[in-house]
Amino acid sequence: MHQGEATDTAQDTPDVADATPRPRRRVRPGRVLLGAVALLGAGVLMAAGAGWWAVDHYTGKVERIPGAFPTQVPDAKQPAPGKGGLTFLLVGVDSRSDLPTTGRDAKAPSWKYGAQRSDTMMLVHLPADHSNAYVVSLPRDSWVPVPGHGEAKLNAAFSWGGPPLLIDTVQRFTNVRIDHLAVIDWDGFKNLTDSVGGVDLTVDGEVRHMNGEQGLRYVRERKSLARGDLDRTHRQQNFLRAVLAKAMTPRNLTNPVKATELLDDLTASVSVDDRLSDSDLRDLLWSNRDVRPGRMVFMNAPVTGTDMIKGQSVVLVDRKKSAELWTAMRNDTMDDYVAGHSVDRLGSGTR
């Protein structure tokens, strides 16, 4: 079965009997890529010359998600802390709602049972030496064990149990301790793209200038792509890289009006776990201030292919090859892993 032919059946219609809805603060659809700037330590605040007053001001405006982490997981099922650096779980949510769901101006819950699916999931590892950032996409259709629900598509975990169940699922699946979470509505793509004036992407050998609406269609497409979801994750990574680069141009960062607008967009967009304090976020920005989009490494988790299970097209993760990747992430040796392995890595060109 071609990956682009995925059908949404039982995994997108959760069993209500198993639901344990949790209250969530209301948050606004994020301009996802500037939210990622903060999380990846791109140093927008510092590069803009904003000073510590602005750092205090803007980090204090980032919305927190209470109770994002699972609290009733047996110790034997908890991964050990990493040996260096920090690992974030970055989640792009398809809320199926016209109302904002992430950020400080939200008008709908960030999670409601059965109403949202995590269409994009990336593990972002920031090494202890602050030399780079490693972004590993987890295909949304990965067939994995979901605690309390048996095996299912990975994106069903968020639909069934919000951030706690998704974090629990990813941690058990990878044995990587997640330090922090960021949740963003991927519809924010078009808002951010328009905010930076659009981006130029090379598609099928042709350079195309994309506004927000065009960019949103670009990152959501999968049926026409040769590898379906696997190529779509690279499109999302590529778009992320392009907008980060555009946002961080001197034209934007040295213009006080534009820099303020971008910082407002950033802090109004992303929702993070309540374990990430303002001081943690300030430290994160400062220590990773030299990381730039062109140096970041984007890749997909290793897979063996696709299959049909329970009437659904699913992605089969390569357990053996993935184990080496997760070990490198735990041990903070991602640079050695990338150098010594053949990985499904986003290249310099666009797909």
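Hi everyone. Before we look at any residue, one term: contact, or touching, means heavy atoms within 4.5 Å. With that in hand, Leu89 touches Met122, Leu123, Leu166, Ile167, Val170, Ile178, His180, Leu181 and Ala182, not counting residues up to four places away in sequence.

A word on where this comes from. This is a predicted model, in which local features need pLDDT of at least 70 and side-chain atom pairs count only at pLDDT 80 or more, while totals for chains, interfaces and linings use all residues. Residues are numbered from 1 along each chain as its sequence is written, and side-chain values use heavy atoms, with hydrogens and water left out.

Now the overall picture. The protein has 12 helices and 16 strands; these are DSSP runs numbered from the N terminus, helices being H or I with at least four residues and strands E with at least two. Of its 351 residues, 57% count as buried, meaning under 20% relative accessible area, where exposed is over 50% and partly exposed lies in between (1.4 Å probe, protein chains only). Among contacts between residues at least 6 apart in sequence, 76% join residues at least 24 apart.

Back to Leu89, then. Together with Leu166 and Trp326, Leu89 has the most contacts inside the largest nonpolar core, which has 39 residues. By core I mean a set of buried Ala, Val, Leu, Ile, Met, Phe, Trp, Tyr and Cys residues joined through side-chain atoms within 4.5 Å. Helix H4 gives this core its largest share, 9 residues. A second, separate core has 21 residues, including Val62, Phe88, Ile184 and Met296.

Let's stay with H4, residues 155-174, where we find Thr169. Is Thr169 buried or exposed? Thr169 counts as buried because its relative accessibility is 0%. Leaving aside neighbours within four places in sequence, Thr169 contacts Val144, Pro145, Val146, Pro147, Leu154 and Ala157.

Beyond four places in sequence, Asn175 is in contact with Pro79, Val170 and Arg330.

The structure holds 2 cavities of 30 Å³ or more. On a 1 Å grid over the protein atoms alone, a cavity is a set of points where a 1.4 Å probe fits but cannot get out, a pocket is an open set with protein on both sides within 12 Å along at least five of seven lines, and lining residues have an atom within 4 Å of a point. The second largest cavity contains about 60 Å³ of space. Its lining includes Asp119, Met121, Arg140, Asp229 and Arg232, and strand S5 (117-126) and helix H7 each supply at least two residues.

What about the second largest pocket, and which residues lie nearest its centre? Those are Pro302, Lys321, Ser342, Val343 and Asp344, out of 14 lining residues. This pocket has a volume of about 240 Å³. Strand S13 (297-300) and helix H11 (319-331) each give at least two residues to its lining.

Finally, H7 also meets a helix: Gly215, Tyr218, Val219 and Arg220 in H6 are in contact with Arg232, Arg235, Gln236, Asn238 and Phe239 in H7. Thanks, everyone!

How values were computed. Grid points are joined across faces, edges and corners, and a volume is the space filled by probe spheres set on the points.
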